[in-house]
Amino acid sequence: AQKVTQAQTEISVVEKEDVTLDCVYETRDTTYYLFWYKQPPSGELVFLIRRNSFDEQNEISGRYSWNFQKSTSSFNFTITASQVVDSAVYFCALRMYNNNDMRFGAGTRLTVKP
Amino acid sequence: DTAVSQTPKYLVTQMGNDKSIKCEQNLGHDTMYWYKQDSKKFLKIMFSYNNKELIINETVPNRFSPKSPDKAHLNLHINSLELGDSAVYFCASSKESGANVLTFGAGSRLTVL
C-alpha cells in the first residue's frame with residue numbers, strides 16, 4: 001500500500017525563521033514520484049516540485065529546498081527566511097509509475113507571523 | 001485562459017437534492033480526476049477518467065457519479081445529497097502516467113444544509 005505521512009499538523013514561525021516540513025512515505029514500488037503542493041488561504045492547489053525515485057539529488061529553488069532520502073523514505077521541504085506569504089497548507093504526495101492515483105499526506109499548516 | 005476550470009465555485013443546497021459540478025481542462029491532458037477535501041483538509045481521490053474510461057473508483061457512495069462527455073470534460077453528479085457531502089471538491093487533470101503533475105482547478109465548495 002502507498003501512504004504519505006506528514007506528522008506535523010501545524011507549525012508556527014516568525015518571519016525570517018527557517019522552517020522544515022517533514023514528509024515520510026511508504027511504498028513497495030521501486031519507481032515512484034514525490035510531489036509537494038501548496039494551498040494558500042485562497043484555496044487553490046499549487047504545484048511546487050516533483051522528484052522521481054531514481055533522483056536523490058537535492059533541489060533548491062530560491063528560498064525553497066527539498067531533501068529526498070530514500071534510505072529514510074523521506075522528502076522534506078525547507079523554507080529559508082520565511083515570509084508571511086508562505087503561510088499555507090503544504091501537502092506532500094506520492095504517485096506510482098503507471099498509476100494515476102496520487103496519494104496525499106494530511107498536510108501541514110504553516111503560519112508565518114510578522 | 002484558465003487551465004482547469006470548475007463551476008460553480010460555491011454551491012449551497014438542501015439535503016436530498018441532486019447537484020452537479022462541471023469541470024473543463026484546456027491543457028490537452030489525457031486523464032481527469034475528482035478529489036474531495038474535507039473540513040480537516042484531507043484530500044482524497046474519488047475518481048479518475050482516462051480516455052472516457054473510469055480507472056479509479058475509491059470507496060465512494062454510488063450517489064456520486066462522474067460523467068465525461070469528452071476528454072476535456074469530467075463532470076461530477078451527486079444524488080440525494082447528505083450533510084456529510086459538504087466539502088470542497090477539486091477537479092484536476094494530467095497527462096497519462098505517474099510522472100506527470102496534476103493541475104488542479106480552484107475548487108468547488110459544496111454546503112449541504
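Reader: What is the relative accessible area of E82(B)?

Author: This is a predicted model, in which local features need pLDDT of at least 70 and side-chain atom pairs count only at pLDDT 80 or more, whereas totals for chains, interfaces and linings use all residues. Residues are numbered from 1 along each chain as its sequence is written, chains are lettered from A and ligands numbered from 1 in the order in which they are written, and side-chain values use heavy atoms, leaving out hydrogens and water. Buried means under 20% relative accessible area, exposed over 50% and partly exposed in between (1.4 Å probe, protein chains only). E82(B) is partly exposed because its relative accessible area is 40%.

Reader: With which residue does R63(B) form a salt bridge whose closest N and O atoms are 2.8 Å apart?

Author: A salt bridge requires a side-chain nitrogen of Lys or Arg within 4 Å of a carboxyl oxygen of Asp or Glu. R63(B) meets E82(B) in such a bridge at 3.5 Å, N to O. At 2.8 Å, the partner of R63(B) is D85(B).

Reader: Which side chain of opposite charge is nearest to K38(A)?

Author: Lys and Arg count as positive and Asp and Glu as negative, with His and the chain ends not counted. K38(A) is buried yet has no salt bridge. A polar atom of its side chain lies 3.2 Å from the backbone oxygen of V85(A). The nearest side chain of opposite charge, 4.6 Å from K38(A), is that of D86(A).

Reader: Which residue forms a salt bridge with D86(A)?

Author: D86(A) is buried because its relative accessibility is 1%. Its closest N and O pair in the bridge is 2.8 Å apart, and the partner is R63(A).

Note on methods:
A polar contact is a pair of N or O atoms within 3.5 Å; within protein, one must be able to donate a hydrogen and the other to accept it, and residues adjacent in sequence count only if both atoms are side-chain atoms.
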